[in-house]
Amino acid sequence: MSGWLAFVGGHEWTEGCRAVDELLIKETGAKEVLVVATAAAYEMPQKTIDAASAYFKPLGVKVKDAGVFSRAEASDKTALKALKAAKLVYFGDGSPLHLRAVFTATPWWEQLAAQWAAGETAVAGTGAGAMALGDPMVDPRGGAFTLGLGLLPSVAAMTKTHEWHHETKRRTIQLATKGLPLVVVDDATAVLRSPKGDWSVVGVGSATVYVDGAESGLSQLP
């Protein structure tokens, strides 16, 4: 039995996402959220931490900065200690490629994967943070696919859909590997996987699963 998993489409930490985050806080009992701003390493990551802090404070939850922006920091004992204490880890938006480069095959990522698999820690990702959690990962440079971090393998997520040109989005859906479920998530909306493996959609928008270029259902997700 794994932990909770959430693919958030974008517009994170806004009123539209409140139902998503209240559910995660309630189910995990978290009093603190470990926010991973790694994907925004070159885009003033402190803004990510500040936005999360302002949003979670009225929900009665504190925010802790994971403080991992390089591969060296993904081996840091202090960062690993903070991770081991976390009940809810939230990956912010930015560059999914940088996020992948920092965490691939590192002690921090291996520890997170173990905690999630054991049901000890819930994991949420928004925008780039959601895309990188699957494997394969949608490549933002052209809408094709590349390697992801694979916390949950055999699924790909497409987020921040308002930024994707219609033709690029269509091409990505068609390029997905045969049999691979691709879940396209609206802003301020999350696709949630429970510890029992049940999937649901929470938020103000919707989510669509595509398999072999055709619309399918949540039952196709692993």
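**Strand E1, its partners and Thr-189**

Tutor: Strand E1 and strand E12, which spans residues 189–193, pair in the antiparallel sense over 4 bridges, and the model in which this is seen is a predicted one.

Student: Which sense, parallel or antiparallel, describes the pairing of E1 with strand E5?

Tutor: E1 and E5, residues 122–126, pair in the parallel sense, over 4 bridges, and here Ala-6 stands opposite Ala-124. Along E1 itself, Leu-5 and Phe-7 point one way while Ala-6 and Val-8 point the other way, and all are buried.

Student: Why is Thr-189 called buried?

Tutor: Buried means under 20% relative accessible area, and Thr-189, a residue of strand E12, has 0% relative accessibility, so Thr-189 counts as buried. Among the residues that Thr-189 touches are Phe-7, Val-8, Cys-17 and Val-204.

Student: How do you know that the side chain of Thr-189 has a polar atom within reach of Gly-205 for a polar contact?

Tutor: The cut-off for a polar contact is 3.5 Å between N or O atoms, and the backbone nitrogen of Gly-205 lies 2.7 Å from a polar atom of the Thr-189 side chain, so the distance is within that cut-off.

Note on methods
Residues numbered from 1 in each chain as written. Predicted model: local features only at pLDDT ≥ 70, side-chain atom pairs only at ≥ 80, totals over all residues. Heavy atoms only, no water. Buried < 20%, exposed > 50% of the residue type's maximum accessible area, 1.4 Å probe, protein only. Helix = DSSP H or I, 4+ residues; strand = E, 2+ residues; numbered from the N terminus. Pairing = 2+ DSSP bridges. Polar contact = N/O pair within 3.5 Å; in protein donor to acceptor, adjacent residues only side chain to side chain. Contact = heavy atoms within 4.5 Å. Lists of a residue's contacts leave out its neighbours within four places in sequence.
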